[in-house]
Each structure stands twice: as structure tokens, then as C-alpha cells.
There are 2 protein chains.
Amino acid sequence: MIIDCHGHYTTAPAAHTAWREQQLDAWHAGASAPAYPQISDDEIRESIESNQLRLLRERGADATLFSPRASAMAHHRGDLATSTAWAQACNDLVARVAGLYPGTFVPVCQLPQAVGAGSEAAVDELERCVAAGFVGCNLNPDPSGGHWTAPPLTDRSWYPLYERMVELDVPAMIHVSASDNPAFHATGAHYLAADTTAFMQLVQGDLFADFPTLRLVIPHGGGAVPYHWGRYRGLADMLGTPDLATHVMRNVFFDTCVYHQPGIDLLLSVIDPVNVLFGSEMVGAVRGVDPTTGHPFDDTLRYVRAAGLPAADLEAVLAGNALRVYPRLAAALRSRGAGVAN
Amino acid sequence: MIIDCHGHYTTAPAAHTAWREQQLDAWHAGASAPAYPQISDDEIRESIESNQLRLLRERGADATLFSPRASAMAHHRGDLATSTAWAQACNDLVARVAGLYPGTFVPVCQLPQAVGAGSEAAVDELERCVAAGFVGCNLNPDPSGGHWTAPPLTDRSWYPLYERMVELDVPAMIHVSASDNPAFHATGAHYLAADTTAFMQLVQGDLFADFPTLRLVIPHGGGAVPYHWGRYRGLADMLGTPDLATHVMRNVFFDTCVYHQPGIDLLLSVIDPVNVLFGSEMVGAVRGVDPTTGHPFDDTLRYVRAAGLPAADLEAVLAGNALRVYPRLAAALRSRGAGVAN
């Protein structure tokens, strides 16, 4: 069993994406959003089978934790009401994918967030989604889209969401969205900077003293963190916190969205494999073939397999860790094969 | 000859640091700043000999490119006038260090910057400093201190500074200062995020078409960039730019401020050694001894030496590249040994 912990519905039908623009146009005009479009199962199947499902099969993975397109969350556009309606629409669409391919695409939800909005709407949507079979959520640490106006993840304003996550036993992937700031390219700067920033917020704070069972996945291989692991160990020492292993790494996990072999080798040599979840971010940030290898940049399974991990560690990275971090995943996988298209 | 390209005067005499606060207090009160304090040569010697010079000698380096404390630049505090007076005071103090230890501490200047201020004051201070023997400058890509309100480094508003840098044949290290944003820890998040962000700005733009001889050093091992080198190669491909080697790596250099062996090994295996300059950021971001090695985290010379580079590449990383990137450095090193304390 190979589980990709990081897949997005980047290939959603055009009508879905167009509705978001219509919704925001209406919001700007002070009008009501139009009705959400009809999207057929066949349209969904086509968008998935020629993309994510094809690649999943070609590369040899079995299941993907599947969430709405991260860059399209765009919590900085509109307000909390539009963000809520958009999150619901995106999550409902992902739920349909999961329903068409049970146990292959396992749904993870987008949360309604907005600058200064608090977490009540996010809690409500998380509850709705988990009741519908979602196994985790994506939490945006910067709903401003690159202006970084939100307090750190350790601030008490996030606590209502963490409380509900703990009760429901679902983790969050800490994932920013598109950049509204010309200083930050989304996938080349904002994503990696946010991963790095989120980790350091957790080092500075003491969030897991209050939430010892909370689990957070930092994507894109943890941003700059594993490459600078010595810096973080030294900073933890300077800050007088316990060592990283006890202070954060009981609760924080990195995915393997690092698009070359040396990066994956570093990740898996520096970070305890128990903290690493296989992920590809596919179809996503970097499409195309690496001319130095002849293989797609985002075929991270290839790098992970070539990293020389002991068999037990490799199994943990490819599946076991995901099953532990996302406890509701096991039940979702048991429905595997029940779907028409599987 | 071993040249550390990244040292800061983090141990400046207390009167210097206190004056900055007095200056800002006066500015807030609408009053004139007090006179800059008298600081004796002995005070400077003591601050250097017990810290940077001691460590330089213990670890076996010969010279340091030495600039004012980066976190204290704080371009977000006060206005352009206070920033200019502060840059002059800091640079004058660094010039005194360089005068006391010629060829051992080679001066690099801080620039007067402020949000939306343009680059005229920076150009003036750069000219003043280079005339006084400085060999490079530190350029802050985010004078707002973590709010990221400045345009990307490829924006034409930066061009007057680049034009003068090219004429004077001095490079810039792209180095942010303290964080005024609670989301960003300075040395654990803002620095690395800024390095990553600056690199991606250069990938997105085409700055070196306009300035083919401009040279920029991105510190802290290039932030997240070498760890995610596959991502950047793939993004360059998606953006339709020439490959990174021709598009940016003729002009961009990374230092070795990465505080553990696996990070340095990755840096030197992924990035052409011709683009890497030995640096330690010492005495700086991470003080303390790594319990896993028994050596200081920031003794990066140890990691670089252990990385297994061929002799010619090692010489280039330890000295040759710095001499090429900072052409005025050679003349400064020829004065080595002329000082009293050397």
C-alpha cells in the first residue's frame, strides 16, 4: 500500500473555476452569487482519469489524500462569506471525486478563512466535512495571501479549530494559497517560505503543551527546515526550549514534495523517517520532465524508493505514517475497490 | 588563504547600540538626535579580539568580509533620514574595525533604506563607503521588516543602485534585517524566507539581461533553494526562462551558512562550487555547541572541509570565489599585517 498524502484537485472542471470568478464578481458588485453550475460525473471522471488517476497508476501509488487546489483557496479574495461558500463548493466537489473512486481519492478539506475572521466558520466546515468522510484539513497560516497579517499558529485565536481537530482526531496540513504580493511567487517562494515560517512559529511557541495530540503536516519537505536542521537545533537551544524531538517532532510531519534526489536524500537522512509522509503535490506545482533524469520532477516516489531506507522505514514513509497521522484514513481505504471506476 | 564572506559586527560597543535607541527616541519626539558617542579604539579591540578575531583564529580563517549587524539595520524603524545617519554610524564603526585589523576585517557596508524611499541615499552611501575602502554592500529586499511592501529585486526602482554597483564593481549580499512581524522569527524564518524569495524573484525576472556583470550573494546557503533545486529547475522550465545556469547562476552566489554537515554536503553537491562562498555568519545567528558533534553550530569551515570537495573546488569556495565576486577584496588583503593588532 502506497499513500500519497498530498494531492490537489488542480484539474477541476472549468465550470467550477469559472463559478468562483462569478461569485467574486457578484460580491464586488454587491449582488448574490449565481447558482453553482451542474457538473456531471463524467466531467469529473475525465478530469481525474486523464490526470491524477493516470499518474497515480503509472507511478505505482494506491491512494491519495486529495484536497481542493491550494492556490485557488485564495482566502484573501472576497470575505468570510464568499470564502465559506467557496470552501463548501470545493469540498463538495472533492467529496464527489472521493465517491467516484472510494479508497483511491480520500478527501481532505479546505477551510473557510479570511483575514481577522476567527475560526468559527472553519470549525463548522471541518465538522461538516468530517461527517461526510473527510480525514483531514488544509489550514492556511496566512489568509492575507502574502501580507502575513495573521498571528502565529501558536496564537490562541487558532485554538477553537485545534480543539475541534483534536476531538475529531484529524490533522491539518499547513498550506498557504496564492500570493497576493508581487514579492512572492506562489510555488517558488510563498509556499516554501510559509513552510519554514510555520515550523519556526512552532519552535518559538509551546503549542503542543496545550494540544499534545494535535498533528500538523508541513508540506514541500518542510520548506527550508531539513536543509537547515542544525540552525533549528541551535535556535531551539538558544530559545531554551526542549530539543526539537520532544518540543515539536512528536506532532509535526513533513511530506516528500522535494523534486530531486539529493533533496529527498537529505530529508530522509536528517529527519526521523517516522516524521516523513510520502507526498507528490501532483498534479501540481512543477509539471515537466527533469532533463537530467528523464523522469517527471514530481515523481517523488522514485526518489523516496531510491533513498536507501531500511524496509520498515520505507513502509512507514509510504503508508504507515499516513495511517497514524490520519487515523480516519484506514476506514476510507477499506472502501477501496467499491467504486465503479476503480 | 581562507576568507569568510559573511561576518557581522554583532558585538559592537554598547554605546553605539544605545545611540541608535536615542536617535529613534529623538525622532519620535520630533527632536534632533544626540551626538554620536565617543568610542575608543580599545573598546573596539576588546569587542573584536574576544569574539570575531578569536574565533577566526581558532577556526583557521584569515579574513572576514565584515559588515554591521544585520538585524540592527532595522530599515523599518524611523525614516530615511534616521536610516541614513544610522548607516553612516554603523559603516564608520566597521571602517574603524577594518582600520585596526587591515586585511583581516574587510569592510562591507549597510545601506540607508526605508519603505518607498528610492535608492538615492543608498547610492550616496555606497559611493562614500567604497571610496573609504569598502568592497561590497548588504541590500535589504524588504525594508518594511517582514511586511514585504517593496517591489521585487527585479523592479526598476532598484536599478540606480545596481548601476552604481556595476560601475564600482562591488556586489551586494541580499540580507534582510530584524522582523517587525510577529509571524516571522528573524533568524529562524525571516532570513531563510527572504533568501528563498529573493532567488525566486531573480528566476521570475530577467535582471541580468540588463546587468550582466551584477553580482548578488544570497546568504544562509541560499535559504531553501539548494534543497529544492529540482523545484527551481522545473519552475524555470515552466516559466520558459533559460536554464538556471545561464539565467541566474552567472550572477548569483550562495554562502555556506548552513549549520550541519548534511546541509553543507547537499549545497556542495547540488550547486556548482563556483557559486559557493565560504561564510559563517559569525558571531551571529546561532551560538552554541552542537551536542551531536561537540563543535559550534556555526563552525561552517569544519563542514566545508569535510565535504570531500576536490582541492581546486575547495580553494575556490574558501577564497577564490570571494576574490572573484568581490574584486576590491584583493587590494584590501594586500594591506594585511599592516595593523597594530595583527
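These are my notebook entries on what I looked up in this predicted model.

**Ground rules.** I number residues from 1 along each chain as its sequence is written, with chains lettered from A and ligands numbered from 1 in the order in which they are written. Because the model is predicted, local features need pLDDT of at least 70 and side-chain atom pairs count only at pLDDT 80 or more, while totals for chains, interfaces and linings use all residues; side-chain values use heavy atoms, with hydrogens and water left out.

**Entry 1, chain A overall.** I looked up the elements first. Chain A has 14 helices and 10 strands; these are DSSP runs numbered from the N terminus, helices being H or I of at least four residues and strands E of at least two. I then checked the extent: the C-alpha trace of chain A spans about 55 × 45 × 40 Å along its principal axes. For 342 residues, a compact globule would have a radius of gyration near 20 Å, and the 19 Å of chain A agrees with that. The radius is taken over C-alpha atoms, and the globule rule is 2.2 Å times the number of residues to the power 0.38.

**Entry 2, the sheet of chain A.** I traced an open sheet of eight strands in chain A, with parallel pairing and the order S1-S2-S3-S4-S5-S6-S7-S8. Two strands pair if DSSP finds at least two bridges between them. Strand S1 (3-9) and strand S8 (276-277) of chain A are the edge strands, each pairing on one side only. Inside the sheet I picked S4 (136-139) and S5 (172-174) of chain A, which run parallel and are joined by three bridges. Leu139(A) stands opposite Ile174(A) in S5(A).

S1(B) runs parallel to S2 (63-68) of chain B, and five bridges join them. Tyr9(B) has Pro68(B) in S2(B) as its bridge partner.

Most residues other than glycine have a negative phi, and most peptide bonds are trans. I listed exceptions. The peptide bond from Met282(A) to Val283(A) is cis, with omega near 0 degrees, and Val283(A) lies in the loop between S8 and S9 (289-290) of chain A. In chain B, the bond from Met282(B) to Val283(B) is cis, with omega near -5 degrees; Val283(B) lies in the loop between S8 and S9 (289-290) of chain B. His220(A) is not glycine but has a positive phi, near 50 degrees. I found His220(A) in the loop between S6 (216-218) and H9 (229-239) of chain A.

I counted contact as heavy atoms within 4.5 Å. On that basis 52 residues of chain B and 52 residues of chain A take part. The area buried between the two chains is about 4,200 Å², with carbon and sulfur atoms giving 61%. Buried area here is the accessible area (1.4 Å probe) that two parts lose on being put together, summed over both. Of the area that chain B buries against chain A, His185(B), Tyr227(B) and Arg231(B) supply 19%, more than any other three residues.

I used a side-chain nitrogen of Lys or Arg within 4 Å of a carboxyl oxygen of Asp or Glu. Four salt bridges cross the interface of chain B and chain A. Arg231(B) meets Glu281(A) in a salt bridge at 2.7 Å, N to O. Over all chains the search finds 28 salt bridges. Arg164(A) forms one with Glu127(A), with the closest N and O atoms 2.1 Å apart. That pair links distant parts of the chain, 37 residues apart, from H6 (159-168) to H5 (120-131) of chain A.
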